[in-house]
Amino acid sequence: MMQRKKSTSAYMRSQRKTALFFLLPNLIGFLLFVVYPVFRAALISLTNWNGFKQMDFVGFYNYGALFSDSTFRISLNNTLLYTIVTVPLSIAFGILMALLMNMKLPGIKVFRTIYFLPQITSMIAIGLVWSLVLAKYGPLNQILIALGNTNPPKWISSTKYALTSVEIVSIWRSMGYNAIILLAGLQGIDAVLYEAAKLDGANAFQSFLHVTIPMLSPTIFFCLVTQMISSFKVFDIIIAMTQGGPGRATNVLAYFVYNKSFVDSRFGYASAAAFIMFAIIMVFTAIQFRGQKKWVNY
Amino acid sequence: MRKLLALVLAVIMIASLTSFSLGEEKVTLNFQMWSDEQELFDKLIELYTAEHPNVTINMTCTPSNDYGTKLQAVVGDADMFGISSPPGLAEYVNKGAVLALDDLIAEKQTDLSGIEGIVDSIKIDDKVYGLPYKTSSWVVYYNKDLFDAAGIAYPEGDWTWEEYFELAGKLTSGEGSDKIYGSLNFQPTSMWWRVPGNTRKATNPLNDDELHAWMEAAAYCKSLSDAGYQPLYEDMASDAGADYAGNFLQGKYAMFYTGDWAIEMLNTAIRNGDGQINYDIAPLPHWEGDEPVTVGAAGLLMVTSTTKYPEIAYDFISFCTGAEASKTLLAMDYFPAWQDENTIATYCEGKLAPEHIEYIVNQTIISQVPCDALYNPAANICKEEVSLFLLDEQDIETTEENCKARILEEVVNAK
């Protein structure tokens, strides 16, 4: 017995070595371009580094100062709001789209491609086109006026609707991507389960709720985690559409970090903000991983 | 015998070393610049290295949008670099990345007579850190056809912002898609609204009275929109990156103010048939009772504090900013920082449009941006707050208070 266990672990060890060997190229990159910069940023966040010579140790001053910085507070709020709105909606729409795309309809493959297109389109182009769509006299408001809305929103030129505008574009962009991932999940569900549900007398909605959703839960969980992380890091859509404005209405954490570092040259301060962002993402992801035990079926 | 041979060889070796170092040392300098200037500096480098065959200059050009970010990373390895406005210079001086040039200027007895004014305006703690090679100058562009149609005389010479407002009103006509605006404003990413304040020499929002003049300027710009003489700011908000020259070329706007760079844009577009308007330029207006001035920002060249060859790097930048190089700049339609009696004549020579091209060069130009490292963050705060005012979301008093409070908190007191 002992003999056998030992030989297994020797085998495992050699397997592990091989695995490590194959992982090495990626691992080196990861260490060099992710782990090292993260530690370095942690150190920088304790200094007042200006990107060149000046680099004095200031302890936790930056972290304290951040919480009395009104722009930081606004950008943190905006980021949370943005995440709370875009993540559930882009996944919900993604599921609906995946269900549609899973139907055996003529030409459905064309639609699958079309819905995925926003994901591979340049954010700058998307921003430009959506800015036109959302313009005061743009097509969207024309439709609203035709529907009887006499005072349509000013979208990205008002602080009230700017964040909503960005959220709409973001959901529009990511739902196709989610749909493709979820579609793969859908197609992995065994038809036998639906058949069994049908025999048990379940209607379409019941089989969706009790078969599709539980069987899809690992995929939904994957989308949830990746979508949430990318929501917290949102940057490109802001640059392309609003530059954080009007005023600070769409200022988000990543944009704040960018501004403080590359515009104002306060790398220490910006690193501290980036670290807070990192901590928030980590906490949220950890919560999700804990929560998954309750609802994700493997 | 062997010893003798060794000795001879050693002597030859030492002799060859000395003779090598007696000749001109081969030097390679790294020069960081933004891409718009590539053609100009290719030419200037060619001229300089023809005279100094031992010097090789490696210029790296980065698209202007990314230049600021990239320069932060590479300035330590460069010998020389360019910057498009004085606050950027102040930032790099603060970082300790720029060499003070005063000793070299004195030692080489460099002639600064043609650029003295600008050099004075960019001194930091009374030291010269950079030399200007080009400058710009703001004027009013107007559509002659629209003036003719309205039967209004062209603006010429001295005029005031009050007169600009009045003219804009007279030139506004029509409704809906036929509407012609008297004045054109820019998209929210620009800070065009501060320009009427600039002509009061208010260029630095870190000073309360200058900030106040900016607020008055913003209120003036908003009053043009409120009166219907220019589009509402909110209509421009979704127009990020709007092409103001293109808008002007459509003939829907009678006047707008911007820098001399628009001449090239307008002329090229008209030549390519993208617009059939007749335009001319007038000086930038001033406020009643003020002296007429216009604003401009100088393009600057610096030597890094980390260079191994400060003298040669300095020699190159003083060449590029001197009288001789100014001829090259003029030939390439640049407005050189170097100005003497020939500049104005040469600048206007052979240029057919606009008719009054001399306004670009014969006005008193003050620097549009102060040589202050805190300018950019402070100006960004003003941009954010004023955009709320222009969108009618907060009044001008609140805007001014917010600007003051935020500049103090986020810029002045920030470590």
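Start with helix α8 of chain B, residues 161-171, and select B:Glu166 and B:Lys170: these two sit about one helical turn apart because they are four residues apart in that helix. Helices here are DSSP runs of H or I with at least four residues, strands are runs of E with at least two, and both are numbered from the N terminus. The two side chains form a salt bridge, with 4.0 Å between the closest N and O atoms; the term means a side-chain nitrogen of Lys or Arg within 4 Å of a carboxyl oxygen of Asp or Glu.

A word on what you are viewing: this is a predicted model, where local features need pLDDT of at least 70 and side-chain atom pairs count only at pLDDT 80 or more, while totals for chains, interfaces and linings use all residues. Residues are numbered from 1 along each chain as its sequence is written, chains are lettered from A and ligands numbered from 1 in the order in which they are written, and side-chain values use heavy atoms, leaving out hydrogens and water.

Next, select B:Arg200 and B:Glu216, a salt bridge whose closest N and O atoms are 2.6 Å apart. B:Arg200 belongs to the loop between α9 (195-198) and α10 (208-226) of chain B, and B:Glu216 to helix α10, so the pair links distant parts of the chain, 16 residues apart. B:Arg200 is partly exposed at 34% relative accessibility, and B:Glu216 is partly exposed at 36%. For these labels, buried is under 20% relative accessible area, exposed is over 50%, and partly exposed is in between (1.4 Å probe, protein chains only).

Now go to B:Arg406 and B:Glu384, where the closest N and O atoms of the salt bridge are 2.8 Å apart. B:Arg406 is in helix α19 (residues 396-412) and B:Glu384 in helix α18 (residues 375-390), so the bridge ties together parts 22 residues apart in sequence. Both residues are buried.

Finally, color B:Asp158, B:Glu162, B:Glu163, B:Glu288 and B:Glu291, which form a negative surface patch. Patch residues have over 30% relative accessible area and no salt bridge, with like charges joined within 9 Å and nonpolar side chains (Val, Leu, Ile, Met, Phe, Trp, Tyr) within 5 Å. B:Glu291 lies in the loop between β8 (279-283) and β9 (294-296) of chain B and is exposed, at 62% relative accessibility.

Zoom out to end: chain B has 19 helices and eleven strands.

Conventions. Accessible areas come from the Shrake-Rupley method with a 1.4 Å probe; for residues, only the protein chains shown count as cover. Lys and Arg count as positive and Asp and Glu as negative; His and the chain ends are not counted. The place of a charge is taken as NZ of Lys, CZ of Arg, CG of Asp or CD of Glu.
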